[in-house]
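Please read the following briefing alongside the sequence and the coordinates.

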Amino acid sequence: IDDAFALDMAMGGSSNTVLHLLAIAREGGIDYPIWRVAEIAARVPHLCKVAPASAYHMEDVHRAGGVPAILGAIAPLLHLDRPTVAGATLAETLAGAEVRDPDVIRPLSAPHSATGGLAILRGSLAPDGAVVKTGAVVPRMRRCVGPARVYDGHDAAMAGILAGEVRPGDVVVIRYEGPAGGPGMQEMLAPTSALMGMGLGDSVALVTDGRFSGGTRGACIGHVCPEAAQGGPIAAVRDGDLIALDVDAGTLDLRVDAAELQRRLAAAPPPPPPPPESRWLRRYARVVQSASVGAVLSD
């Protein structure tokens, strides 16, 4: 699990990896807290940027040596004695791997950044964590504070964005899209694409308890935990509340007094119910756990 996360950090891959690998760890009976991901991000540099975070695409990565070359570049940080599904150790599997284009896959001595392409954030808005693809965040958005523009659900957010409700400097909040609230945690690719298309990608942050596509770029923070449907602080955010993001410090905070936040949560209406036509989704919403543990189902 550590080495798989290390690869994702070096490649700046999809934030969905966090969900998948946490769920795999759970199935394997491994106690793997999300904060361990943050520790890996702190020690594995970002070596390879792929579109939309750069002009390079997967065919360029393949030409430069592919995944074996990326793993070979971070070999000193891996557990090389571990067996792989091929039966050989990781060291044996990587024998002969080489970087053929150091512009596409950089060496450890010249990374895009000293820390990984993903980060785990924590703060008063995300006490149990949130995920951001740092490699796709422009420098001016790595640390920002802005007023919240709140939407309950993906469709409401799309309508509001397309209607011109979002202004530069805003922090768009899309809630009730987590594992239980969605239910199912759909991707927020359409809202992020709309913001980019309207020229707001470098001036507007987006925060959600949903998730993102690997093609997302910008200050897009997903997997906010606890989610709104499970009583997380994101359920209490109101339009105009200030939200502070600091990617390098690993923080995501709602600048609302703690006592006021608790009052709001106590008075919050129940989350929207799952679609009445789907018994499965109603059952799923009852037993699914937080994204911070991989959105696995309760035993």
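Cys225 counts as buried, because its relative accessibility is 3%, where buried means under 20% relative accessible area, exposed over 50% and partly exposed in between (1.4 Å probe, protein chains only). This is a predicted model, in which local features need pLDDT of at least 70 and side-chain atom pairs count only at pLDDT 80 or more, while totals for chains, interfaces and linings use all residues. Residues are numbered from 1 along each chain as its sequence is written, and side-chain values use heavy atoms, with hydrogens and water left out.

**Cysteines**
- The structure holds 0 disulfides, a disulfide being a pair of cysteine sulfur atoms within 2.5 Å.
- Cys220 is in no disulfide, and the nearest cysteine sulfur, that of Cys144, is 11 Å away; Cys220 counts as buried at 10% relative accessibility.
- Cys225 is likewise in no disulfide, the nearest cysteine sulfur being that of Cys220, 17 Å away.

- Leaving aside neighbours within four places in sequence, Ile74 is in contact (heavy atoms within 4.5 Å) with Ala6, Leu7, Ala10, Val44, Leu47 and Leu108.

**Salt bridges**
- A search of the whole structure finds 13 salt bridges, each defined as a side-chain nitrogen of Lys or Arg within 4 Å of a carboxyl oxygen of Asp or Glu.
- Asp101 forms a salt bridge with Arg63, with the closest N and O atoms 2.9 Å apart; Asp101 lies in the loop between H6 and strand E1 (119–123) and Arg63 in helix H4, so the pair ties together parts that are 38 residues apart in sequence.
- Within that pair, Asp101 is buried, with a relative accessible area of 14%, whereas Arg63 is partly exposed at 39%.
- Arg263 and Glu260 meet through their side chains in a salt bridge (3.1 Å, N to O), and Asp241, Glu260, Arg263 and Arg264 are linked in a network of salt bridges.

Definitions and conventions: Helices (H or I, at least four residues) and strands (E, at least two) are DSSP runs, numbered from the N terminus.
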